[in-house]
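Trainee: I have a structure on my screen and would like to learn how to read it. Could we go through it together?

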Amino acid sequence: MDGRVLQVNISPGGVPKLPVEAAWVGEQGLQGDAHTHRYVHGGPHRAVALLGIEAIERVQADGHPIEPGSVGENLTTMGIELSRLPIGTRLAVGDALVLEISGAAGPCDVIKGAFRDGKSGRISILTHPDDSRMYARVISQGEVRTGDSITVTPPPGDSQATVFQLLDLLDDVDRLAWMGLWHSAATAGYDVRLLDHGDLSAAASPDLPGSIFNRAIGLRLVPIATHEVMHLFRSAGTSGWLIDGGEAAIAGGAVLDGRVSVHVGDIDAIAPATVEGLTIRAVDAADSTAWIEAFIDWFDIPPVLDDAWRALQPALAARRGYTQLVGELDGEIVAIAAMQTHRKVGWLGAGGVRPDRRGRGIQRALVAHRAALAAEAGCTRVMATADAGSISARNLDAAGLPEIWRRRHYRWDPKGRS
């Protein structure tokens with residue numbers, strides 16, 4: 001299913017993108033091209049948008065005024081049913097350029113002018129799987145010209161494309177959990193300054209030092225926001241942690257401060273686990289104080305933050321879709337855990353066991369219990385994070401949540417930086 005480039009399209013932002021004879025394509029996309037909504041489009045994982053003329057003609061046949069470039073695709077192609085290609089498929093374009101299909105581009109209001117009654121959902125991959133725009137990463141940079149040939153090859157064996165696609169989902173689930181925590185702290189009266197651009201969220205708090213309340217999530221997808229995040233930390237006078245920061249973070253003086261492994265497993269693959277006499281149940285009002293005190297003690301929370309965690313616990317426990325649990329043996333709380341559900345994924349957080357009860361399989365039981373609760377809530381996957389190489393990471397692997405990625409945590413200190 002090889003084809004060719006029918007049209008090369010760029011714009012200084014917005015639509016339509018207009019045809020040019022040729023353009024250089026680098027890691028971030030086409031030279032001379034830009035996006036009005038730069039936090040939604042662009043970046044290394046959405047560098048090039050593609051749409052086939054075959055899809056455009058089908059949409060036109062339904063009475064929509066769509067034309068090449070009018071929905072913001074960079075390359076209008078001919079001869080390839082792009083949205084039917086597997087993620088990771090490679091497209092060799094012209095003499096040097098190689099692209100890798102990374103995912104579907106969702107419809108939005110920016111392109112509604114290309115559709116009758118503004119119904120841009122006509123090119124949603126969910127409802128019209130043949131007619132979606134597709135994003136691509138740049139594997140090998142090069143020039144693209146109108147009329148260039150496109151050679152299609154299947155995903156190579158070492159492709160990480162499906163991992164990146166899964167990370168897009170998991171990063172969003174994780175980001176929601178962190179945003180809930182930050183909002184809870186703000187509700188409790190602490191100075192927590194938030195930045196939220198959808199795929200990227202960040203918090204900076206002069207009141208709450210440390211990485212939990214001073215971090216940015218989403219820079220893997222939106223590296224263009226790095227300097228804005230640094231400005232947030234600078235204005236708050238705090239050090240900040242840039243999760244999966246890249247070249248811009250390093251160039252700005254950020255230093256590597258550890259790695260965290262991301263684990264995910266299908267619900268059906270989670271190994272069942274029980275501990276004799278252990279009861280796991282949701283926290284009620286009477287348990288709320290005991291839960292947060294155990295969290296402070298077992299997770300070695302710095303004393304400067306103890307009162308803050310106590311103050312934000314009521315708002316934290318009341319979050320929609322969020323559940324806190326306790327595990328009891330002989331009438332005593334010996335374990336705590338939490339879970340957030342979002343987009344059919346169960347996020348497993350705050351799993352801790354009292355030090356004198358560790359090594360008995362209680363952590364595995366907490367994972368299995370939360371996976372069962374997630375299944376009841378309609379989830380198909382569960383995810384968790386842990387310090388890379390830690391006992392917790394090994395427990396997750398053994399429980400049926402293999403590691404798929406290691407996030408790099410970069411610390412950035414604004415002192416002395418302009």
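Trainee: Which residues in helix 2 meet helix 6, and which residues in helix 6 do they meet?

Mentor: Good place to begin, and keep in mind that this is a predicted model. On one side of the contact, helix 2 brings L181, S184, A185 and T187. By class, the residues of this contact are six nonpolar, two polar and no charged. The partners in helix 6 are W309, L312, A315 and L316.

Trainee: Is helix 2 roughly parallel or roughly perpendicular to helix 6?

Mentor: Start with the geometry: the axes of helix 2 and helix 6 lie 8 Å apart, and the packing angle is about 115°. Angles from 65 to 115 degrees count as roughly perpendicular. Helix 2 is therefore, relative to helix 6, roughly perpendicular.

Trainee: What about helix 7 and helix 8: are they parallel or oblique to each other?

Mentor: Helix 7 covers residues 362-376 and helix 8 covers residues 391-399, with their axes 10 Å apart and an angle of about 55°. Roughly parallel needs an angle under 35 degrees, and roughly perpendicular needs 65 to 115. Helix 7 and helix 8 are therefore oblique.

Trainee: How many charged residues are in the contact of helix 7 with helix 8?

Mentor: From helix 7 come Q363, R364 and V367, and they meet N395, L396, A398 and A399 in helix 8. Sorted by class, this contact has four nonpolar and two polar residues, and the number of charged residues is one.

Trainee: Now the second largest pocket: which helix gives the most to its lining?

Mentor: This pocket holds about 1,100 Å³ of space. Its lining has 37 residues, and G103, A104, Q165, D168 and R343 are the closest to its centre. Strand 8 (97-104), strand 9 (134-140) and helix 2 (161-187) each supply at least two lining residues. With seven residues, the element that gives the most is helix 2.

Trainee: How many residues of that pocket's lining are nonpolar?

Mentor: Let us sort the lining of the second largest pocket by class. Eight of its residues are charged and 11 are polar. The number of nonpolar residues is 18.

Trainee: Last one: what is the volume of the largest cavity?

Mentor: There are four cavities of 30 Å³ or more in the model. Among the 19 residues that line the largest cavity, K17, H35, H41, G72 and R133 are the closest to its centre. That lining divides into eight nonpolar, seven polar and four charged residues. The volume of the largest cavity is about 180 Å³.

Technical notes:
Residues are numbered from 1 along each chain as its sequence is written. This is a predicted model: local features need pLDDT of at least 70, side-chain atom pairs count only at pLDDT 80 or more; totals for chains, interfaces and linings use all residues. Side-chain values use heavy atoms; hydrogens and water are left out. On a 1 Å grid over the protein atoms alone, a cavity is a set of points where a 1.4 Å probe fits but cannot get out, and a pocket is an open set with protein on both sides within 12 Å along at least five of seven lines; lining residues have an atom within 4 Å of a point. Grid points are joined across faces, edges and corners, and a volume is the space filled by probe spheres set on the points. Helices (H or I, at least four residues) and strands (E, at least two) are DSSP runs, numbered from the N terminus. Ala, Val, Leu, Ile, Met, Phe, Trp, Tyr, Cys and Pro count as nonpolar, Asp, Glu, Lys and Arg as charged, and the others, Gly among them, as polar. Axes are lines fitted to C-alpha atoms, for helices over the stretch in contact, and angles run from 0 to 180 degrees between N-to-C directions. Angles under 35 degrees count as roughly parallel, over 145 as roughly antiparallel, 65 to 115 as roughly perpendicular and the rest as oblique. Contact means heavy atoms within 4.5 Å.
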